[in-house]
Amino acid sequence: MDPYQVCFLLVSDLTRLFAFTRQAASRPSPGDIPHPRKNLMWVTATGGMVGWGEAAVGTFEGPDRFTAAQRWFDDIIAAAIIDDPVARPGTGLTAFGTFSFSDTSADISTVTIPQRILGWDSDGAWETVISTDQNSNITAEPIEPIGDFGHVDWSAGHLDEDGFTSAVAETVELLARGEAKKVVLARDIDIVSEFPMDERLLVAKLTRAFPSTWTYLVSGMIGATPEMLASVRDGHLTTRVLAGSWPTTQGQEAAEYALRSSAKDIAEHRYASDSVLHALDIQASGPVRANGPTILHLPNVVHLATDFEADLAAGWTGLTAAGAMHPTAAVGGTPTDTALEVIDRIEALDRGRYAAPVGWMDSSGNSDWALALRCAQLDQNDPHRARAFAGGGIMERSVPQQELAETEAKFSAILKAFE
Ligand SMILES: C=C(O[C@H]1C=CC=C(C(=O)O)[C@@H]1O)C(=O)O
């Protein structure tokens, strides 16, 4: 086969996408989204995007799932025709992704380029249409009414409360023997609703209750996370590391005081921020600036937080940076390999896409990849079912009942959205 023919075959094999972005009159409301399921959403206090339809979907697995997803997206951009006079983060050809926590998870990592995106920021709103057909017209879809969930039940998943406190006690012993410094353990809760779960209602409730977080919905992974792995704008990366938490059941002030004076939480935070700093040393083209630890207040918990920022070195993107950081010691532990082995053996859950990168990337190199925390995975086959996850960092000084209370406080974020 001559080189010309090879080149022709490669180009014709690619999905050529046409993406057109235009200014829109106003930001969308949940009532503008036609269907209750299979939506893509990203909402913050200052902007957001909602998308639906599938112009292209990539699926990835194994240890190189992040770089493979980036290559897939880069190839699609190279072949695409993009008309984007709005040119702001999230405009043009934009994809939403959710990745598995573990290299060996049964849950596949997916990146979806929707057919339609409605976005907004503080400068205005836009609409993007993405299609394989250059002349495709937008046909207004009938809007299905937003539905309530009816009666909702939840029960222990694979690891119940006693199982979790025993797992914490076993991990504390192992830490005392010096086998690791920190291990993050999680548990899960099964949620069953009377009527189908409507994603539009869930996202509306999460954004109202947690306006300072990043609310996300990608391939049924839904939540409101306070932790950002890699947010990139024009090659500049910002990261927020969280670790060390206190429930606000006795009030915000009491929680802040308890957290500030807890040596266990301060040390726990240090492992997480060091793990991110270590990754940033390789990914940054210049100095890495740090601010923290400070206290992040959320309605249900307070956290120790450190923000980092740096310019990305050539060759890195938000997704490959997030992939190289993952799993940080905020969700894995220290040292990473030992912690992952302990998680596999003692927690023994398939975490699916919990505690892994979730977010979006656009054709200009902007992206937000947060950690999928305070979340539930909506069952993609049964609209009445979801599985919520929450965990916490276990240290040698951890007390099993306190760690359980911390997971309860963290669960309350997503469980309240189902009430
Ligand atoms: C693992 C979770 O939280 C992480 C993020 C913030 C604080 C954490 C902690 O204090 O343990 C965890 O590292 C979770 O919410 O499921």
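Leaving out neighbours within four places in sequence, Leu-17 is in contact with Ala-55, Ala-56, Ile-76, Ala-80, Leu-93, Ile-113, Ile-130 and Thr-132; contact is taken as C-beta atoms, placed from the backbone, within 7 Å. The model is a predicted one, in which local features need pLDDT of at least 70, side-chain atom pairs count only at pLDDT 80 or more, and totals for chains, interfaces and linings use all residues. Residue numbers start from 1 along each chain as its sequence is written.

Leu-17 also belongs to the largest nonpolar core, which has 117 residues; Leu-17, Tyr-216, Ala-355, Ala-372, Cys-375 and Ala-388 touch the most other members. Such a core is a set of buried Ala, Val, Leu, Ile, Met, Phe, Trp, Tyr and Cys residues joined through C-beta atoms within 7 Å. A residue is buried if 20 or more other C-beta atoms lie within 10 Å of its own, exposed if 12 or fewer, and partly exposed in between, with C-beta atoms placed from the backbone.

The ligand has 18 residues around it, of which Leu-242, Ser-245, Gly-391, Gly-392 and Gly-393 come nearest; a residue is near if its C-beta atom, placed from the backbone, lies within 6 Å. Strands S11 (182-193), S15 (236-247) and S22 (385-394) each supply at least two residues of this shell. Strands (E, at least two residues) and helices (H or I, at least four) are DSSP runs numbered from the N terminus.

Helices H2 (residues 65-79) and H7 (residues 318-325) pack with axes 8 Å apart at an angle of about 175°, and are therefore roughly antiparallel. Axes are lines fitted to C-alpha atoms, for helices over the stretch in contact, and angles run from 0 to 180 degrees between N-to-C directions; roughly antiparallel means over 145 degrees. Phe-66, Thr-67, Ala-69 and Gln-70 of H2 meet Leu-319, Thr-320, Ala-322 and Gly-323 of H7.

Trp-316 is in the loop between strand S17 (301-311) and H7. This residue counts as buried because it has 20 C-beta neighbours inside 10 Å.

Most residues other than glycine have a negative phi, and most peptide bonds are trans. The table lists departures from this.

| Site | Feature | Angle |
|---|---|---|
| His-326 and Pro-327 | cis peptide bond | omega about -5° |
| Thr-334 and Pro-335 | cis peptide bond | omega about -10° |
| Ser-219 | positive phi | phi about 50° |
| Ala-355 | positive phi | phi near 65° |

Ser-219 is buried, with 23 other C-beta atoms within 10 Å, and Ala-355 is buried with 28.

Key
Contact = placed C-beta atoms within 7 Å. Parallel < 35°, antiparallel > 145°, perpendicular 65-115°, else oblique.
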